[in-house]
Amino acid sequence: MNLELRIKEVDSLRKKGIQRVIEVKTSDFTLSNLRDVKEYVHKLSEEVSKKLGRKIDRIEFIGNEDIGTRYILYRFRLYTGDRYIACRIVTYFNRHIQTILTVGD
Amino acid sequence: MPELPPGQRKIPDFIVYRILGQPEIDINQWRLEITGKVENRLSFTYKELLNMRQVEYVSDFHCVTGWSVEKVRWSGVSTRELIELSKPLKGVKWGYIYSADGYTTIVPYEDLISEQSIIALKMNDQPLEPEHGYPARLFIPHLYGWKSAKWIVKIELTDTYKDGYWEALGYHQRGNVWKDERFKKI
């Protein structure tokens with residue numbers, strides 16, 4: 001699995017204290033269950049750590065929810081000290097289609 | 001056309017989202033502006049909108065999270081008629097929408113000026129409730145609800161795409177409910 005992380009400055013989330021998002025470009029792959037998703041997030045966190053030059057101390061699963069009947073949104077937090085990077089992963093019929101991370105002030 | 005778009009389920013009433021809080025609106029100060037790539041920058045008061053020709057129809061509302069509310073009666077001013085008054089310049093591709101709470105979203109121009117796109121002033125024959133966007137919200141029935149911005153204050157016509165609030169979090173550039181356009185491809 002090849003992960004390409006692209007940082008984008010965003011104005012539209014500033015009111016939430018978010019200045020940048022990281023879009024993850026990757027090939028499609030299967031995430032059948034939460035265990036698969038957690039393994040993926042672990043690998044992703046290593047790439048995020050390299051990209052931002054910050055050590056990820058721990059990963060927290062926040063929750064998941066259905067978006068319509070075909071998509072599932074998984075949410076995690078990647079902690080660097082007492083701050084965190086929010087991570088949103090979307091699957092479509094259990095195929096990964098999107099990962100976006102948000103980085104605060 | 002099927003009763004509901006793909007992936008949607010009916011529920012009996014709206015779920016209210018106020019991700020940036022409930023804005024306080026002073027109706028005497030409130031304006032709806034049309035700016036950007038236009039010959040005439042325009043600004044409308046609530047009273048001016050109420051005095052314009054009102055469009056009325058019944059349509060379902062579809063939230064991207066998967067719920068739909070059926071048979072809502074909407075009335076308001078045709079977005080196309082408002083925008084035509086501003087004389088849009090050639091090359092406009094998008095409408096960037098601003099709300100009083102700081103929320104933003106982006107809508108393809110062709111959808112923004114589609115026949116049923118309105119600046120809604122009433123729901124079910126009553127002025128909008130504060131939670132539903134009083135004094136005015138955009139409503140475009142064939143797009144998911146996050147495009148139908150509540151508490152709308154400005155439409156900026158532009159030739160350049162930029163993410164609004166939910167688009168920055170991965171949601172689709174257009175959001176057509178019949179095409180299941182919930183998330184964009186990265």
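**Salt bridges and the A–B contact**

Asp159(B) is partly exposed, at 36% relative accessibility. Before going further, note that this is a predicted model.

Which residue does Asp159(B) meet in a salt bridge? The partner is Lys37(B), with 3.9 Å from N to O. Lys37(B) sits in the loop between strand E2 (32-36) and strand E3 (42-44) of chain B, and Asp159(B) in the loop between strand E11 (152-158) and H4, so the pair ties together parts that are 122 residues apart in sequence. Lys37(B) also counts as partly exposed, its relative accessibility being 26%.

The next pair in chain B is Lys147(B) and Glu167(B), whose closest N and O atoms are 2.7 Å apart in a salt bridge. This pair, too, links distant parts of the chain: Lys147(B) is in the loop between strand E10 (137-139) and E11, Glu167(B) is in helix H4, and 20 residues separate them. Are these two residues buried or exposed? Lys147(B) and Glu167(B) are both buried.

Lys55(A) is exposed, with a relative accessible area of 63%. Asp57(A) is partly exposed at 44%. Over all chains, the search of the whole structure gives 17 salt bridges.

Now the contact between the chains. Chain A puts 27 residues into it and chain B puts in 26. Together they bury about 2,100 Å², and 54% of that is on carbon and sulfur atoms. On the chain B side, the residues that lose the most area to chain A are Leu169(B), Phe183(B) and Ile186(B), which together make up 34% of what that side buries.

How many salt bridges cross the interface of chain B and chain A? The rule finds 3. One of the salt bridges in the model joins Asp163(B) to Lys8(A), at 2.9 Å from N to O. Polar contacts between chain B and chain A come to 12 residue pairs.

Elsewhere, salt bridges with shared partners join Arg6(A), Lys8(A), Glu23(A), Asp163(B) and Lys184(B) into one network. That is where I will stop.

Technical notes
Residues are numbered from 1 along each chain as its sequence is written. Chains are lettered from A and ligands numbered from 1 in the order in which they are written. This is a predicted model: local features need pLDDT of at least 70, side-chain atom pairs count only at pLDDT 80 or more; totals for chains, interfaces and linings use all residues. Side-chain values use heavy atoms; hydrogens and water are left out. Contact means heavy atoms within 4.5 Å. Buried area is the accessible area (1.4 Å probe) that two parts lose on being put together, summed over both. A salt bridge is a side-chain nitrogen of Lys or Arg within 4 Å of a carboxyl oxygen of Asp or Glu. A polar contact is a pair of N or O atoms within 3.5 Å; within protein, one must be able to donate a hydrogen and the other to accept it, and residues adjacent in sequence count only if both atoms are side-chain atoms. Buried means under 20% relative accessible area, exposed over 50%, partly exposed in between (1.4 Å probe, protein chains only). Helices (H or I, at least four residues) and strands (E, at least two) are DSSP runs, numbered from the N terminus.
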